[in-house]
Amino acid sequence: MTYREVGSRLYISAKTVEHHVARIRRRLGAGSRSELISMLRALGHGAEVRQPATSGNGGISACP
């Protein structure tokens, strides 16, 4: 996903997403975003895209 797409889903700016990704890259020692993704996949993260489960009522869950 692009920074803009991630930001849209999280209701934050693309620049904020870019900043957070850059900090994560530095902490993990990844030289690029693609290297970061490879590192995370090797650790078992991001193997599949997960869609939020819906309860059949437009995604609104009732409290038990």
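What share of the 64 residues in the chain is buried? The answer is 8%. Keep in mind that what you're looking at is a predicted model.

**The overall layout**

Let's start with the big picture. Helix H1 covers residues 3-10, H2 runs over 14-28, and H3 takes in 33-42. H2 has 15 residues, and its first and last C-alpha atoms lie 21 Å apart, close to the 21 Å expected at 1.5 Å a residue.

**Where H2 meets H3**

Two packed helices are described by the angle between their axes and the distance between the axes. For H2 and H3, that angle is about 65° and the axes are 10 Å apart. The crossing of H2 past H3 is left-handed. On the H2 side, the residues making the contact are Val 21, Ile 24, Arg 25 and Leu 28, while H3 brings in Arg 33, Leu 36, Met 39 and Leu 40. Sorted by class, that gives 6 nonpolar residues, 2 charged ones and no polar ones. An α-helix has 3.6 residues a turn, so residues three or four places apart point the same way.

Now for the stretches between helices. Tyr 11 sits in the loop between H1 and H2. Tyr 11 has a positive phi of about 60°, even though it is not a glycine. Is Tyr 11 buried or exposed? It counts as exposed, because its relative accessible area is 78%, over the 50% cut-off.

Just after H2 comes Gly 29, with a positive phi of about 80°. Ala 30 belongs to the loop between H2 and H3. Ala 30 is buried, because its relative accessibility of 8% is under the 20% cut-off. Leaving aside residues up to four places away in sequence, Ala 30 touches Arg 25, Glu 35, Leu 36 and Met 39. Among these, Arg 25, Leu 36 and Met 39 also take part in the contact of H2 with H3.

| Residue | Relative accessible area | State |
|---|---|---|
| Tyr 11 | 78% | exposed |
| Arg 33 | 30% | partly exposed |
| Ala 30 | 8% | buried |

Arg 33 is in helix H3. What does Arg 33 touch, not counting residues up to four places away in sequence? The list is Met 1, Thr 2, Tyr 3, Val 21 and Arg 25. Val 21 and Arg 25 are also on the H2 side of the helix contact. Arg 33 and Ala 22 are 11 residues apart in sequence, and their C-alpha atoms are 8.1 Å apart in space.

Val 6 has its place in helix H1. With residues up to four places away in sequence left out, Val 6 touches Met 1 and Val 17. Val 6 and Val 17 are 11 residues apart in sequence and 7.1 Å apart from C-alpha to C-alpha. Met 1 turns up again here, as one of the residues that Arg 33 touches.

How values were computed:
Residues numbered from 1 in each chain as written. Predicted model: local features only at pLDDT ≥ 70, side-chain atom pairs only at ≥ 80, totals over all residues. Heavy atoms only, no water. Axes fitted to C-alpha atoms, helices over the stretch in contact; angles between N-to-C directions. Helix = DSSP H or I, 4+ residues; strand = E, 2+ residues; numbered from the N terminus. Left-handed = near helix turned anticlockwise from the far one by under 90°. Contact = heavy atoms within 4.5 Å. Nonpolar A, V, L, I, M, F, W, Y, C, P; charged D, E, K, R; others polar. Buried < 20%, exposed > 50% of the residue type's maximum accessible area, 1.4 Å probe, protein only. Expected span 1.5 Å × (residues − 1).
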